[in-house]
Amino acid sequence: MSGPARPFDGKLTEEFRGRLLQAREALLRTVAATDEEIAGLEAPGPGDSMDRAGANSASLASGVAGQDKRELDEIAEALRRLGSGAYGICQACREPIALPRLRAVPAARFCLTCQEVEEVAP
């Protein structure tokens, strides 16, 4: 099948908008829980262990923040594509992304074949 992807009807558009918004909400809840956990790690403790805990929590916070920001950016980009009519189109081969893949990974930018190529490419 070549050419543009199938147009999403109103029902599909709302389904995927809901899935993306749910994913964003879940991620934001995770970030909030992580912030609480990190604050707990930073609680004062006896002796030198406080220095280690502070260093470990700062490292953890920067890693979590980066991954979470990337995922939030992917969701925001998917919502933009949904609004522009480009949602569900593989960004590499321009073919439709299978609905089961979109349901499993609502922010997917690539069809399964192209995603495998992306993951293997250096």
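## Exercises on salt bridges, a core and a pocket

With a relative accessibility of 24%, Glu-15 counts as partly exposed, a class between buried (under 20% relative accessible area) and exposed (over 50%), found with a 1.4 Å probe on protein chains only. Before we start, note that this is a predicted model, in which local features need pLDDT of at least 70 and side-chain atom pairs count only at pLDDT 80 or more, while totals for chains, interfaces and linings use all residues. Residues are numbered from 1 along each chain as its sequence is written, and side-chain values use heavy atoms, with hydrogens and water left out.

**Exercise 1. Find the salt-bridge partner of Glu-15 and say which parts of the chain the pair ties together.**

Step 1. Apply it: the side chain of Glu-15 meets that of Arg-103 at 2.6 Å, N to O.

Step 2. Glu-15 lies in helix H1 and Arg-103 in helix H3 (residues 99-104), so the bridge ties together parts that are 88 residues apart in sequence. Helices here are DSSP runs (H or I, at least four residues; strands are E, at least two), numbered from the N terminus.

**Exercise 2. Describe the salt bridges Arg-17 to Glu-14 and Arg-70 to Glu-74.**

Step 1. Start with the total: a search of the whole structure gives seven salt bridges.

Step 2. Arg-17 and Glu-14 meet at 3.4 Å, N to O. Both lie in helix H1, three residues apart, about one turn of the helix. Arg-17 is partly exposed at 28%, as is Glu-14 at 48%.

Step 3. For Arg-70 and Glu-74, the closest N and O atoms are 2.3 Å apart. Because they are four residues apart in helix H2, about one helical turn separates them. Arg-70 has a relative accessible area of 41% and Glu-74 has 31%, so Glu-74 counts as partly exposed.

**Exercise 3. Is Leu-12 buried or exposed, and what does it touch?**

Step 1. Leu-12 lies in helix H1 and counts as buried because its relative accessibility is 15%.

Step 2. Leaving out residues up to four places away in sequence, Leu-12 touches Leu-99 and Arg-103, where contact means heavy atoms within 4.5 Å.

Step 3. Leu-12 and Leu-99 are 87 residues apart in sequence, yet their C-alpha atoms are 9.7 Å apart.

**Exercise 4. Characterise the largest nonpolar core.**

Step 1. A nonpolar core is a set of buried Ala, Val, Leu, Ile, Met, Phe, Trp, Tyr and Cys residues joined through side-chain atoms within 4.5 Å.

Step 2. The largest one has 17 residues, and those with the most contacts inside it include Phe-8, Phe-16 and Tyr-87.

Step 3. H1 and H2 are the elements that give it two or more residues; H2 gives the most, with four.

**Exercise 5. Which residues are closest to the centre of the largest pocket?**

Step 1. A pocket, on a 1 Å grid over the protein atoms alone, is an open set of points where a 1.4 Å probe fits, with protein on both sides within 12 Å along at least five of seven lines; lining residues have an atom within 4 Å of a point.

Step 2. The largest pocket holds about 240 Å³ of space, a volume filled by probe spheres set on the points.

Step 3. Of its 13 lining residues, Glu-74, Val-105, Pro-106, Ala-107 and Ala-108 are the closest to the centre.

How values were computed
Salt bridge = Lys/Arg side-chain N within 4 Å of Asp/Glu carboxyl O.
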